[in-house]
Amino acid sequence: MNDISFLADGRAAPWFVGWGTLALINAGLAQGKNRSGLVWFLLSLLFGPIATLVLVLLPKTRQTLF
């Protein structure tokens, strides 16, 4: 059996959808904490739930005066 055969038969599709949804949620959460949504979206695509944990534990950044 091929190691990537599960990609061809559709069993991996829910994982990709869930991972992408988590990345979108993290982007919104990051923007709510005054952080870059794009950076956290990309980090979430790479690290998934670990990025979520880090983002939740980070404090909200202060807004700049200018």
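Over residues 38–58 the chain is 90% helix and 0% strand, with the end C-alpha atoms 17 Å apart. Here helices (H or I, at least four residues) and strands (E, at least two) are DSSP runs, numbered from the N terminus. This is a predicted model, in which local features need pLDDT of at least 70 and side-chain atom pairs count only at pLDDT 80 or more, while totals for chains, interfaces and linings use all residues. Residues are numbered from 1 along each chain as its sequence is written, and side-chain values use heavy atoms, leaving out hydrogens and water.

The stretch 38–58 is one of two that the unreviewed UniProt entry annotates as "transmembrane region"; the other covers residues 12–32. UniProt positions follow the numbering used here, feature names are shortened, and such annotations may be inferred rather than shown by experiment. Over residues 12–32 the chain is 95% helix and 0% strand, and the end C-alpha atoms lie 31 Å apart.

Taken as a whole, the protein chain has four helices and zero strands, giving the pattern α-α-α-α along the sequence. The predictor's confidence in each residue is expressed as pLDDT, from 0 to 100. Its mean for the chain is 86, and 85% of the residues reach 70 or more. Confidence is lowest in helix α1 (residues 5–8), at a mean of 64, and highest in α3, at 95.

Of the 66 residues in the chain, 18% are buried. A residue is called buried under 20% relative accessible area, exposed over 50%, and partly exposed in between (1.4 Å probe, protein chains only). The accessible surface, from the Shrake-Rupley method with a 1.4 Å probe, where for residues only the protein chains shown count as cover, comes to about 5200 Å², and 73% of it belongs to carbon and sulfur atoms.

An α-helix has 3.6 residues a turn, so residues three or four places apart point the same way.

Helix α3 (residues 37–47) can be read in the same manner. G37, W40 and S44 are its buried residues. They cover an arc of only 65° around the axis, which puts them on the same side of α3. Exposed L38 and L46 sit on the face turned away from that buried side. Just after α3, G48 takes a positive phi of about 60°.

How do these faces meet? Contact here means heavy atoms within 4.5 Å. N26, in helix α2, counts as buried at 0% relative accessibility. Leaving aside neighbours within four places in sequence, N26 is in contact with W40, S44, G48, A51, T52 and L55. L45, in helix α3, is partly exposed, with a relative accessible area of 38%. With neighbours within four places again left aside, L45 is in contact with W19 and A23. L45 and G20 are 25 residues apart in sequence, yet 6.8 Å apart in space, C-alpha to C-alpha.

Definitions and conventions. Arc of directions from axis to C-beta.
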